[in-house]
Structure formats: C-alpha cells, structure tokens
Amino acid sequence: MYFNSYALPLFMTGTIMFFLAFLIFKNQRNESVKYFPLLVIAVGLHSIFYAFEISSRSHFQIFLFYKLQYIGITAIYPLYLIFSILYTGRGEWLSRTKLAIIFLIPVLSLILVLSNNYHYLFLEEHKIIYDSLFPAFSFTPGIGYWLIHSYGIVAMIIGSVLFGIMLINTSKLFRQQIIIILLGSLIPFMVFILYLFNVFPEAFDPTPYAFAFSVIFIFVGLSRYKLFDISPLGRSMLFENLNDGVILLDNTYRIIDYNKSAKSILKLSPESIGETISTILEFWKDFFDDDNKIIKGKHVELKLLSEEKENWFDVRVTNIFDHTNTLVGYIVYLQNITYRKLIEEDMRKKNEELNLSNNEKDKFLSILSHDLRSPFSAIIGYSELMIADNELTASEIREYSFSINNIAVTTYSLMENLLEWSRLRRGLLVPDFKPTNMKTLIDQTINQLHETARNKEITIINEVPNLKTINADVKMMGSVVRNLLSNAIKFSYRGGKVTIASYFDENKKLIFKVIDTGVGMNDETQKYLFQISPKVRTAGTEGESSSGLGLMLCKEFVELHKGKIWVESKVGEGSCFYFSI
C-alpha cells in the first residue's frame, strides 16, 4: 500500500456515501426512496474498494480489491432499476419473483468475478501496468464482464426512460426534481460509455468518481426539494385524488397547477395554466387586506350552478414558502360544502316553520280564549236569569233557551274545528280516500245546517249535479262543505241566498263554488283569509262570532286532496269561495 492522491477523493466520497445513507435511513418517510440508501451504500463500496485498488502495488492486492468492487457494482445496477420503478409509481411490477429475476444476473456476475481464477469467464486475462498514472489493473473482458455491464446499461436506460416519461407527465412544479434525478442518472451512464471507448487514460476507471458525484448531486437535489418526504408520485396520488379542489399559484397569482376536482368545479383547461386567478375567481380580491396581504383564516363561500343543481364551496387560501422561508406561491382550496348548506337550509326552514307554528299557536290561543269566553259568558248570563227569575213567561223561557242553543251549537262547531286542527297539526289526520258522491254529501250537510239557515231566513240551493263518484275523504270533504256553507250563512243578510255549484275547468279539473249574497270582503281581509289572524275575525251579519279556524282547516283538507282553495269577493256584493279536488 502507498499514498495515492487519486485515491483520496474516493476515500472521502466513500465515507460521505455511508454518512448520507445513514441520514436517509434515519429521516426518509417516503416508501418510493427506501432503496435509495442501499444504492448509496453500494456506490460507497465501489468507491472505497477502487480507492484501495489504486493504492495497492502487488498484483494480488490489486486483483483482490478489483473483485471486491463488484460487491458494490453488482448492487448498483439492480438497486438503481428498483429505485426508478418505485419512484415513478410502478411498484406493482416488483413482485418477489420479479425481484429475484432483477437480482439474478448481478448475483451470478458477483459469483463469477469472485471465482474467476477457477474458470476465467469474467476476465480472460489480467496484468498490472506500472508505467501508468499509478499501478493499474489491465484486463481482457470475458463473457461475465460483458454480461453484468450490459445488464447495467439496460438498467440505466430503463430507469432513464421511466424518469423521462414521468418528466413529461408530471406537473411543472415537480419537473425540476425529476430533471435532477434524470441528470444524476445519466452522468455515470455517459462516463461508462466513454470509458468503454477508451477515452480516458489506460487502466484508469472514472466510473466510481461519476457514481459518487451522481449520488451527491441527486441527494442534494432531493434534500433541497424535500423529496425524501414526498415524491411527485406521492404528490400525484394525494393531489389528484383529493375530493376537494386544489389550485397552485405562483407568487404573482398565476395558475401553475390544479387537480381533477378543481378542473371539474371551475371548468379549467390546459389553457388556464398561466392565467391570473382573478380571471377565474372574481372575488379573489376579498382574500387580501389593505396592505395586499392574505387575510389569515379568510373564507369565501362560492355558489355554482351545475346541471340545474346548486353546489356550494368553501374557498380559502394558504401561503407556500420555500426552504429559505421565502413566499413562492399560494394554494387555493375549494371544499364542497353543499351537504352542509343543505342541512343549514333545512334547519333554517324548520326553525321558520317552528316559529310560524308557535306564532300560530299564540294567535290561536288568544283568539280561542276570546271566542270561548264570550259564548260561555252569555250561557252563564241566560242561565242565571232563568234561575233567578221565577216569573218568566213561557215565551221568555223559550227565547232564552233558543239563544242558549244557538250559542251551544256555535261553540260546538268551534270545538269540533279545534279538535280537527289539533289532530291535523299532530299528524293524526290521514286522508282515507273512498268513492264519494259529492251531491249526496252536500245534501246531508245542508240538512245539518237547515235550522241555522231557517233562523236567518236564508235559502240554500244545491246546484251540484249527480256526478260520478270521486275519490275523497268523506269526513274532510264534509268539514270543507260545512265550514264554507256555515260562513256563507253567517255573513249573509237575513232573507239572503246561498248557492253551491260545480263545473269542470279547461283542464278537466272538478271545481266547486259556494256563493253568498252577504257583506263581501276587502283585499286586506282576503290576504289573511286562510291563516290564523285577528284580521279575519269579523262578526257575522247578526253578531255571530268567527275565529277563522274553519277556513284554515278547509285549506289544509283541500291541499291534502291535491287541490286548492281561493276566493273572489267585493265589499257589499257577497263572496264566492272555490275549491278543486
């Protein structure tokens, strides 16, 4: 052994290789580079043993270290190929069987070189040249030599092609990283080709230097771009498969990349690359404060119409810093919040319905307390008179009894409507559709109201023809007809007329109408007619009470029959109520 200045860089780089391998093993979290530290160790072994070779003088020592180099060389080629396959996202190629095939030639070649003295298949002959730069090993290659190095050339070509394909298909943001790997891979490949063509001094092998330089070059590049943490493949799998839209911007707000979700959401195209984000998102300026800095935590909700369906997105922006903490760009996130907005809208509607229901109950209880208090006060008053005065005539007793009866009938009708309204609100009233003869139903209802109409000398005329039966809930339809006829009687003048009739409209829809010759209504009253409101609590022509609950029930029952109810009226000319079923 002797000191050789040419060997010193190799000893140094070999030591550096082992240190780098340790760092990568310790810090790497990316599955695709797990073979890279093994590749670094193999390059380190190649460098160290070549350094010992060119620092030796005897034939035995030089040949020994030459053979030991191949522990590293035969590992470099398959490990580079595996690293290329994994890093470019083709890990499914590497089954156990295929890994065994990849290592078959390298292992066979290592056996051949270590046992060359027994067969000379790797080197046919070899000698030491002492008149070169240093005592150098010269040899005539055998079949084993060409086998391993042909394998190495093919492995390097395959790896370079894989990285080239990845370079074409990956995002602009990651192309620099692929170029670093590709250049680092091509350096030893080109040096080895030149070595085969005897470009370098005789017996001088520059490939250990080239491999060492290549590994350091790739390591620095990968470390700078943190590719031991995430590779472009990892980026592709994560970035492209996100359900949320993601857009990458440079520091001038130009689009440099986007994923499939963002493309679908905003209808982006390859021509969008390079465009300023403000041309895509009109509200982009809303993310900045007066100093033109991104407002931390700022969110903007975006509503888009897609195929006549509303979609909502929560848009937010995050800064991107490089390893020197310099702002290099921005990430725009578009999170689909349509489901959340639907829930919020549903809750809003339910709250409105609840508030409306509570308001209706409050109004109803207020009206009901008044409407029940008045008739009961009258009944108590009449009954007290009848008890206190023993000298009442038969005529006076009959008059008081008649009044009590009228009040009781009216109150009963109110209570009946109240019970139906309560059951309806609790969902206990479900239509029981059966074939129903409406003329018969109307005649029966008129008979029920005969006494009330006779007391006001009002004539009720049924002009509904004997139609074919229709599917309807008898009780509900009976309630609708009874309430409409009761109101018509209540708001008609003594001696008036109430008519109920039917017809088919232009859509063959069956329409019923109840016409009276009463007081009529103004537009303001009509507006609140089918809801609980004090504005519809108008007394009848002879002071009859009115809660408005009956008309509200009519509306609910008609709508349960897929129909609608409406009114036409003028003050002093009477009213006409229509309902369809």
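# A walk through a predicted chain

Hi everyone, let's start inside a helix: Ile76 lies in α3, residues 59-87. Helices here are DSSP runs of H or I with at least four residues, strands are runs of E with at least two, and both are numbered from the N terminus. Before I go on, this is a predicted model, in which local features need pLDDT of at least 70 and side-chain atom pairs count only at pLDDT 80 or more, while totals for chains, interfaces and linings use all residues. Residues are numbered from 1 along each chain as its sequence is written, and side-chain values use heavy atoms, with hydrogens and water left out.

Back to Ile76. Is Ile76 buried or exposed? Its relative accessible area is 2%, so Ile76 is buried. By that I mean under 20% relative accessible area; exposed is over 50%, and partly exposed is in between, with a 1.4 Å probe and protein chains only. Leaving aside neighbours within four places in sequence, Ile76 is in contact with Leu39, Ala42, Val43, His46 and Phe211. Contact means heavy atoms within 4.5 Å. Take Val43 from that list: Ile76 and Val43 are 33 residues apart in sequence, and their C-alpha atoms are 6.6 Å apart in space.

Next comes Ser47, which sits in helix α2, residues 36-54. Ser47 has 0% relative accessibility and therefore counts as buried. Again setting aside neighbours within four places in sequence, the contacts of Ser47 are Leu10, Thr13, Gly14, Pro208 and Ala212.

Now let's zoom out to the whole chain. The secondary structure comes to 17 helices and 14 strands. Of the 581 residues in the chain, 45% are buried. Among contacts with a separation of 6 or more, 64% are between residues 24 or more positions apart. The accessible surface comes to about 31,600 Å², and carbon and sulfur atoms hold 58% of that; such areas come from the Shrake-Rupley method with a 1.4 Å probe, and for residues only the protein chains shown count as cover.

How confident is the predictor? The chain averages a pLDDT of 81, and 86% of the residues score at least 70. That score is the predictor's confidence in each residue, from 0 to 100.

Which order do the strands of the open sheet take? There are 5 strands, running β9-β11-β12-β14-β13, with mixed pairing. Two strands pair if DSSP finds at least two bridges between them. At the edges stand β9 (459-462) and β13 (565-570), each with a single partner strand, so one side of each is left without a neighbour in the sheet. From one strand to the next, the twist averages 15°. Helix α15 (residues 474-490) packs on the sheet, where it touches β9, β11 (497-504), β12, β13 and β14, and its direction makes about 170° with that of β14. The axes behind those angles are lines fitted to C-alpha atoms, for helices over the stretch in contact, and angles run from 0 to 180 degrees between N-to-C directions.

Let's look at β12 and its partners. β12 is mostly covered, with 5 of its 7 residues buried. Antiparallel strands β11 and β12 are joined by 7 bridges, and Ser502 stands opposite Phe512 in β12. On the β14 side, 5 bridges link β12 (residues 510-516) to β14 (residues 574-580), again antiparallel. In β14, Ser580 is the bridge partner of Ile511, and Phe577 stands opposite Val514.

The hairpin of β11 and β12 has 5 residues between the strands, and there Lys508 takes a positive phi near 65°. Lys508 is not a glycine, and at 70% relative accessibility it counts as exposed. Tyr253, not a glycine either, has a positive phi of about 70°; Tyr253 is in the loop between β3 (245-250) and β4 (255-258).

Last, the cysteines. How many disulfides does a search of the whole structure find? The search finds 0, taking a disulfide as a pair of cysteine sulfur atoms within 2.5 Å. Cys554 is buried, with a relative accessible area of 1%, and Cys576 also counts as buried, at 9% relative accessibility.
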